[in-house]
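Hello,

Here is the structure you were waiting for. My notes on it follow below.

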Amino acid sequence: MWGQAQFEETRHQVQKQAVVGQWRPLATATRGQELQQPEPAAKDCVSMDENQSIAQLNVSRLRSSSVEIREKGSEFLKEELRRAQKELKLKDEECERLSKVREQLEQELEELTASLFEEAHKMVREANTKQAASEKQLREARGKIDMLQAEVTALKTLVITSTPSSPNRELHPQLQSPSKTTFRKGHGRNRSTSSAVVTATSQSTPLEPVSSEFKEVDSILFTEFQAWKESPSLDKSCPFLERIYQEDVGPCLDFTKHELSELVQAAVEQNTLTIEPVATQALPVVKVSAIECGGPKKCALSGLSRACRHRIKLGDSGNYYYISPSCRARITAVCNFFTYIRYIQQGLVRQDAELMYWEIMRLRKEMSLTKLGFYSSEM
């Protein structure tokens, strides 16, 4: 910009000087005087040549200065370009460094997320394992509780107790009246495999030995029992339990009220049936009608008018069903059988296979007798 302005100013000066050299003086002179003065015109021509040379010199100077300015400007621009390229390179390096930092952070974040997920899955697996173990322990504990409850029920049913305040007359025949003793002669039946009740006609009559029973193992039944004992289960499809269901369990739990009989059998199989005595003074109020559940004077299973001293509850239901002594004996016999085979299944019975077989035959015999109407007077 500065060089162009200087060039324009110099050009104007040159033009002014050229115009002044061409002018002539306007003085009033004679012709002779004009002829006598030719030298100023020559001088004007010389001055014009000098001015032109000066103008050319100035133009050349201006051109050289313009070239110099252009070169300096070019160098300045090149310097600025180099500076900008250097800054751009620094920025590129900074961007590359930041991108590497970002990639590193993303990788660390992915690794952290993966480790957190892995830790979470591990905690979930451990929690599931602990929960499964706790549920298994709970099931085992409930099984033990059910087993103990069934054992207590079986003991209450099978074991004959005798105390000084309330002696058992069957264990002490001398406490019975002679007429009753004579009537019960020969009609006593074994309460368990280890003891027998022997009745006498009078106190003076000596006790007679009980004749031993003759027993013989049925090969088919024993083979089925051994096959079941290899892998004991409560599956009704195995030959051993299928035979017992058909010959003993089914007929023993076949009552007049078929729907209620099926519910009772299902509760016995699931070990959820409860038998409890009925208080004679205050009878509880049941939730359903007396016709459906029976009553103190009517059995809910047989539908007959009997003195019901016990009632049953199926599972968690709040309904109670009054049952007669005969029905209670039949249900108890089936419960005793299922309790014993559950003991075998759980590995609690450590006896010889033949002894276990005869105990099962005894329980089957008890079911058959109760089905035929034979039961203890304590029922």
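Predicted model: local features only at pLDDT ≥ 70, side-chain atom pairs only at ≥ 80, totals over all residues.

Where does Ser324 sit in the chain? Ser324 lies in the loop that runs between strand S3 (320-323) and helix H9 (325-345). Leaving aside residues up to four places away in sequence, Ser324 is in contact with Cys299, Arg306 and Cys308.

On the chain as a whole: the secondary structure consists of ten helices and three strands. Their order along the sequence is α-α-α-α-α-α-α-β-α-β-β-α-α. The protein chain has 379 residues, and 26% of them are buried. If contacts between residues at least 6 apart in sequence are taken, 65% of them join residues at least 24 apart.

Which residues form the negative surface patch? They are Glu103, Glu106, Glu108, Glu110 and Glu111. One of these, Glu108, belongs to helix H3, which covers residues 39-158. Is Glu108 buried, partly exposed or exposed? Glu108 has a relative accessibility of 41%, so Glu108 counts as partly exposed; that class lies between the 20% limit for buried and the 50% limit for exposed.

Regards

Notes
Residues numbered from 1 in each chain as written. Heavy atoms only, no water. Patch = residues over 30% accessible without salt bridge, like charges linked within 9 Å, V, L, I, M, F, W, Y side chains within 5 Å. Areas by Shrake-Rupley, 256 points an atom, 1.4 Å probe, with all protein chains shown as cover. Salt bridge = Lys/Arg side-chain N within 4 Å of Asp/Glu carboxyl O. Lys, Arg positive; Asp, Glu negative; His and termini not counted. Charge placed at Lys NZ, Arg CZ, Asp CG, Glu CD. Helix = DSSP H or I, 4+ residues; strand = E, 2+ residues; numbered from the N terminus. Buried < 20%, exposed > 50% of the residue type's maximum accessible area, 1.4 Å probe, protein only. Contact = heavy atoms within 4.5 Å.
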